[in-house]
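Let's take a walk through this model together.

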Amino acid sequence: MRILLAEDDRQLRLSIARGLREASYAVDQAGTGPQALSLAVANQYDALILDVLLPGQSGVAVCSELRRSGNAVPILILTALDGVDRRIEGLDAGADDYLTKPFDFGELLARLRALTRRRGPVVSATVEVGDLVIDTLRRNVRRDRREITLTGKEFAFLLHLARNAGRVIDRAELMEHVWDDAQNTYSNIIDVYASRLRRKIDDGEKVALFKTIRGTGFMLDAPAARRITPVASGGRQARSSRERG
């Protein structure tokens, strides 16, 4: 899932973005209101996190303008200014939820999950690439019946490749979305993690899923690479999943 995080405090913004990426979200960042509005208009996000006191244009004003334009993206407002009037102002502007600083990061993640669930009855929980299955809620990975143990960063790396299965992901994109570093594209840390993932995913298997495209990047690829999005119990997709099992 892709999140836009707008926060004027750079250290706090980087800290929140890092935590979100470790929780397997793709994160775009903005430090001002106009920048946040521009990104929200130009891109499709699963949710926005807007600080109230953004320079140039407040988070509440950004929220209000997006709603006037018909943008229904879920919006979570952050603020250090507590009080009922502040919460009412944000909610009346069209925000879906409100979180007061300082907050527990686990609560932020829980509120994001709740916001994205409200978008519709179908929630993406499992990603499949061939016989590789990634459970994004339980953060479990298995290949056929083999359980694969991954570190947090390995999981984020693998999930980004899996969600883009069949597409080559270059080093710059990996550094930005997995390591929260858009500058250090020549770091050998990517190669270290790629080597670890390749061993964990492909060693002993007949079909290699993890591919290195020399001079370009990395990808996960399988003949029937696809994403599985389970539906409510009793739905056609849920039944077909049981039939396959």
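In what order do the 3 strands of the open sheet sit? The order is β10-β12-β11, and the pairing is antiparallel. That leaves β10 and β11 as the edge strands, each pairing on one side only. Before going further, keep in mind that what you're looking at is a predicted model.

Let's start with β12, which covers residues 217-220. On one side, β12 pairs with β10 (residues 169-170) in the antiparallel sense, over 2 bridges. If you want to find that pairing residue by residue, Ile 169 has Phe 218 as its bridge partner in β12, while Asp 170 is partnered with Gly 217. Now look at β11, residues 210-213: 4 bridges join β11 to β12, and these two strands also run antiparallel. Here Gly 217 turns up again, as the bridge partner of Ile 213.

Which way do the β12 residues point? Gly 217 and Met 219 go one way, Phe 218 and Leu 220 go the other way, and all of them are buried.

Next, the helices on this sheet. Helix α6 (residues 152-163) packs on the sheet and touches β10, β11 and β12, with its direction at about 70° to that of β12. Helix α8 packs on the sheet as well, touching β11 and β12, and its direction makes about 145° with that of β11.

Follow α8 (residues 189-202) to another partner, helix α7 (residues 171-178): the two pack at an angle of about 85°, with their axes 11 Å apart. That angle is why α7 counts as roughly perpendicular to α8. At the contact, Arg 171, Leu 174 and Met 175 in α7 meet Ile 189, Ile 190 and Asp 191 in α8. Sorted by class, that gives 4 nonpolar and 2 charged residues, with no polar ones.

Now for another helix pair, elsewhere in the numbering. Helix α1 (residues 10-22) packs with helix α5 (residues 105-117) at an angle of about 60°, and their axes are 11 Å apart. With that angle, α1 is oblique to α5. The crossing of α1 and α5 is right-handed. Which residues of α1 and α5 meet? From α1 come Ile 16, Gly 19 and Leu 20, and from α5 come Phe 105, Leu 108, Leu 109 and Leu 112. By class, the contact of α1 with α5 has 6 nonpolar residues, 1 polar residue and no charged ones.

One last stop is Tyr 98, which you'll find in strand β5 (residues 97-100). Is Tyr 98 buried or exposed? Tyr 98 has a relative accessible area of 8%, so it counts as buried, the cut-off being under 20%. While you're there, look for Asp 51: Tyr 98 and Asp 51 are 47 residues apart along the chain, and their C-alpha atoms are separated by 9.9 Å.

Definitions and conventions:
Residues numbered from 1 in each chain as written. Predicted model: local features only at pLDDT ≥ 70, side-chain atom pairs only at ≥ 80, totals over all residues. Heavy atoms only, no water. Axes fitted to C-alpha atoms, helices over the stretch in contact; angles between N-to-C directions. Parallel < 35°, antiparallel > 145°, perpendicular 65-115°, else oblique. Left-handed = near helix turned anticlockwise from the far one by under 90°. Contact = heavy atoms within 4.5 Å. Nonpolar A, V, L, I, M, F, W, Y, C, P; charged D, E, K, R; others polar. Buried < 20%, exposed > 50% of the residue type's maximum accessible area, 1.4 Å probe, protein only. Pairing = 2+ DSSP bridges.
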